[in-house]
Amino acid sequence: MNFAELFSGVATSLISDNMDRLRGTHALKPMHGEGQLVGRALPVKVAPGDNLYIHLALRQVRAGDVLVIDGGGCVDRALIGEIMMSVARMRGAVGYVIDGAVRDVSAFAEHRFPCFARGVTHKGPYKNGPGVIGEPVAIDGVVVSAGDIVVGDCDGVVFVPAAQAERVSGLARAKMRDEQAVLAGIARGEYDDSWIDAALAH
């Protein structure tokens, strides 16, 4: 199954709308500017402000992986920067999602390498551990497991269990077609808002 093809060009908002609006982040922001992220989650849990196990995870990364880092939401120290971005790119990873802080954000923007994080700081990390690789993690309140599909864009990040990927993609693409039809109608000066009356009648 090609997850990149399933979700290429599909907005996170459409995916979220078809997953009960419960499987995404709200506090993580894109650090790379524009550009979609689609890949397979490689979860990593680290001690706050410590990136030893991210370095270890970079030894295990496979093409198409997104390193999904549970840093406990700590933004006191950056967990990655330009060097770790460059290693990830070299080894085939397609992005980072970090519940923590990063630095060297200009490098992420220059290379258009997707990175979503809670904050930015110039302060560097510890390298003491402990950590865990491949086990479920909590990212901005959402549990993410190895192999989940990660989709990110300017609105944030959503996580789709692999077993639900085809169904969610189909629903999201159907809604995308519906919304495009509505927008085309608005461009012609037409808009059916009769749903408001139905909602008020309840």
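(Buried means under 20% relative accessible area, exposed over 50%, partly exposed in between, with a 1.4 Å probe and protein chains only.)

A quick word on what you have open: this is a predicted model, where local features need pLDDT of at least 70 and side-chain atom pairs count only at pLDDT 80 or more, while totals for chains, interfaces and linings use all residues. Residues are numbered from 1 along each chain as its sequence is written, and side-chain values use heavy atoms, leaving out hydrogens and water.

Next, pick Arg-118. Which residues does Arg-118 bridge to? One is Asp-99, with the closest N and O atoms 2.6 Å apart, and another is Asp-140, at 3.1 Å. (A salt bridge is a side-chain nitrogen of Lys or Arg within 4 Å of a carboxyl oxygen of Asp or Glu.) Asp-99, Arg-118 and Asp-140 are thus named together as a network of salt bridges. Arg-118 is partly exposed at 30% relative accessibility, whereas Asp-99 is buried at 5% and Asp-140 is buried at 10%. Arg-118 lies in strand 6 and Asp-99 in strand 5, so their pair ties together parts 19 residues apart in sequence. (Strands, E, at least two residues, and helices, H or I, at least four, are DSSP runs numbered from the N terminus.)

Now try Asp-65 and Arg-40, another salt bridge, with closest N and O atoms 2.9 Å apart. Asp-65 is in strand 3 and Arg-40 in strand 2, 25 residues apart. Asp-65 counts as buried at 2% relative accessibility, and Arg-40 is partly exposed at 21%.

Then show Tyr-96 and Phe-113. Their rings form an edge-to-face aromatic pair, 6.3 Å centre to centre with 70 degrees between the planes. (Rings of Phe, Tyr and Trp, its six-membered ring, pair if their centres lie within 6.5 Å; planes under 30 degrees apart count as stacked, over 60 as edge-to-face and the rest as tilted.) Tyr-96 and Phe-113 are both buried.

Last stop: helix 4, residues 82-90. What is buried in helix 4? Look for Met-84, Met-85 and Ala-88. On the face turned away from that buried side you'll find the exposed residues Ile-83 and Met-90.
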